[in-house]
Amino acid sequence: MIGKSFYRIKTVYSRSAPGFAIGIITDIRLYEYIRLRFTPSISFANRRISYTLESRNRDGLKKFQKTVESVFLIFPLEVKIQSKRVGNFSAYVIGGGGYTLDLAARKKSAGIASGGANQLDEQLKLKRDDVFYSAGAGTDFYLEYFKLGLELKLLIGTRNLLKSQNSVFGNSLDKIRSRMVVFSVTFEG
């Protein structure tokens, strides 16, 4: 119930938003063109969820936008298969999986809300742990003092991150899964 009328969810949309991450690279050469990589990082991201609520007699609409802030610790373990180096350039594909820990989800589940204009922070809670698989491709440029890498990768979460609760906002969703498109710029010495 919002105000004096009863409302139900009419639509729910999720909008992506850019984020930022920083991390380190650990690289082990298994064979000539195959490497095992561990690249832990910390990522700062937002997810925007837009709700449209409709009154039971369908004479009024209310719109809410919920921003879910996340601070992820990401621990990927991936296999990198690269091409033979041609001059100062090589290409590669990368794939694997990993674990993410959402540090902001712990704060939300403890009942510490950050507030906001629409005051929906306590209405939508997420689990903090996720397991993902990843796939992508990239290029390495071998410069005089370091190697510059450009990489585009997709991370797809395997768990339902939605915590069950009794609210019109949480009950309107069946599941929330993480999907991240990551563009990385790497510097290796």
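User: How many residues of the lining of the largest cavity are nonpolar, polar or charged?

Analyst: The general idea comes first: rolling a probe the size of a water molecule over the atoms shows where empty space is left. Please keep in mind that this is a predicted model. Here, the lining of the largest cavity divides into two nonpolar residues, one polar residue and six charged residues.

User: Which residues line the largest cavity, and what volume does the cavity have?

Analyst: The lining is made up of Arg-47, Phe-72, Thr-100, Asp-102, Lys-127, Arg-128, Asp-129, Asp-130 and Leu-161. Two elements, strand S7 (89–102) and strand S8 (129–142), each give two or more residues to this lining. The volume of the largest cavity is about 30 Å³, and the structure holds one cavity of 30 Å³ or more.

User: How much space lies in the largest pocket?

Analyst: A pocket, unlike a cavity, is an open set of points. In this model, the largest pocket contains about 1,300 Å³ of space. Its lining comprises 47 residues, and those nearest the centre are Ser-43, Ile-74, Met-180, Val-181 and Val-182.

User: Which strand gives the most to the lining of the largest pocket?

Analyst: Strand S10 gives the most, with nine residues. Several strands supply at least two residues each, among them S1 (7–16), S5 (41–55), S6 (61–82) and S10 (179–188).

User: How is the lining of the largest pocket divided by class?

Analyst: The pocket lining has 27 nonpolar, 11 polar and nine charged residues.

Technical notes
Residues are numbered from 1 along each chain as its sequence is written. This is a predicted model: local features need pLDDT of at least 70, side-chain atom pairs count only at pLDDT 80 or more; totals for chains, interfaces and linings use all residues. Side-chain values use heavy atoms; hydrogens and water are left out. On a 1 Å grid over the protein atoms alone, a cavity is a set of points where a 1.4 Å probe fits but cannot get out, and a pocket is an open set with protein on both sides within 12 Å along at least five of seven lines; lining residues have an atom within 4 Å of a point. Grid points are joined across faces, edges and corners, and a volume is the space filled by probe spheres set on the points. Helices (H or I, at least four residues) and strands (E, at least two) are DSSP runs, numbered from the N terminus. Ala, Val, Leu, Ile, Met, Phe, Trp, Tyr, Cys and Pro count as nonpolar, Asp, Glu, Lys and Arg as charged, and the others, Gly among them, as polar.
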